[in-house]
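Please have the structure open as you read.

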Amino acid sequence: MRSYRLISSILVPSSNELKFKLLNRTGHSWAQTKSQLNEEIKNIRDSGVFKVERIITSEQNSWINIHGRKDKVLNFCANNYLGLSSHPSVVQAGIDALKTYGAGLSSVRFICGTQSIHRDLERKIAKFHGREDAILYASCFDANAGLFEVLLNDQDAIISDELNHASIIDGIRLCKANRFRYKHRDMQDLEKILDSTKNSRRRLIATDGVFSMDGNISPLKDICELAKRYDAMVFIDECHATGFFGPTGRGTEEFFGVSGQVDIINSTLGKALGGAAGGYTTGPSEIIELLRQRSRPYLFSNSLPPPVVACASKVFDMLMNDAEYSSKLAALTQRFRSNMRSAGFTILGDDHPICPVFLGDAELATKFADRMLDRAIYVIGFSYPVVPKGKARIRVQISASHSEADIDRAVDAFIQVGRDLKVIS
């Protein structure tokens, strides 16, 4: 016998009957799929790479509270490079914007989702990077997803570092350009591809400024020289550089002394620049205008919430008036890297606040991170598929909010755990 429920005076089949009809119509059993998914999850657990999300019950900072623990722990996991995500002035800017502009726009930018603070922030971004204009996105993942298909077609070539971030890879997949990958930071391989693609209408070299898994830096000066020689454009993702890398935090360009030579920069507001959310593209005004007209993540996503915009805008004001944040972070980074190497650890990457402690084995990395938490040091083990198999590591991230005592405490904990697990002698 049919069962019904009343919705706005209309009789519709019950949820159980709808589910039964759906299963019969599709010929598919959810129980079978559920069993397969559970088996896949079990395999992840059994391999020792299952990722558990620890729940933070406090603001993001150098010391945080974690659910289930009474004592605070020292945080070396966040991309909060400048320690500004809970800075009183940044937080107050967000509160003021919430009161003045509301929680959100309930719309996309071109319909009724643009406020004066959005354009003000875009102008600040362009000024900070020395560019003509900028465009905001919900995230840098969206900025990377929305760029390449607008700029390139099947007459063009996109040439990407093989270790570029997943968002760059996914963005490239969406465009119709001929795709090429050069070996990681290998300029000879890049030049071969540039020479072989010289008949393309446009060529775009795409690279991370800083590669987040290893903390190493793109050879941007060499890339710019090759681009000039072969009449190619250069794109960099500066998520792990903007705001703190280089003498005044202008990123990889400034670090190598090639400011203004990169054609397009994408970056995030969700790391050093307030830590909330949002991303952007900055570059020539013609490219930015074309993105406003055709970039799908921009056209079909709600505009950034006013508090997020205001927090990031305040951070840019602070950075353009004070470069001390970058210098403090650089000194703390050097202290950690030097002391860890002296203790016998292998630290990957260049002189960057991302400091991967290489361990190799995935299960060892997970166990190591757990033992560190027992000593009130919050770090995470990185393993496949985040990094290649056999390349597991603890990725330590230094913040300007850390003190020298914080750095020394973390190093001491690493030494104790390293000896216990026979990583060092």
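Phe382 has Arg393 of β17 as its bridge partner. In this predicted model, local features need pLDDT of at least 70 and side-chain atom pairs pLDDT 80 or more, while totals for chains, interfaces and linings use all residues. Residues are numbered from 1 along each chain as its sequence is written, and side-chain values use heavy atoms, without hydrogens and water.

β16 pairs with β17 in the antiparallel sense, over 2 bridges. Strands pair if DSSP finds at least two bridges between them. Helices (H or I, at least four residues) and strands (E, at least two) are DSSP runs, numbered from the N terminus.

The open sheet has 3 strands in the order β14-β17-β16, with antiparallel pairing. β14 and β16 are the edge strands, each pairing on one side only.

Contact means heavy atoms within 4.5 Å. Axes are fitted to C-alpha atoms, for helices over the stretch in contact, and angles run from 0 to 180 degrees between N-to-C directions.

| Helix | Residues | Strands | Angle |
|---|---|---|---|
| α14 | 324-343 | lies across β14 and β17 | about 20° to β14 |
| α15 | 362-374 | touches β14, β16 and β17 | about 35° with β17 |

His402 lies in the loop between β17 and α16.
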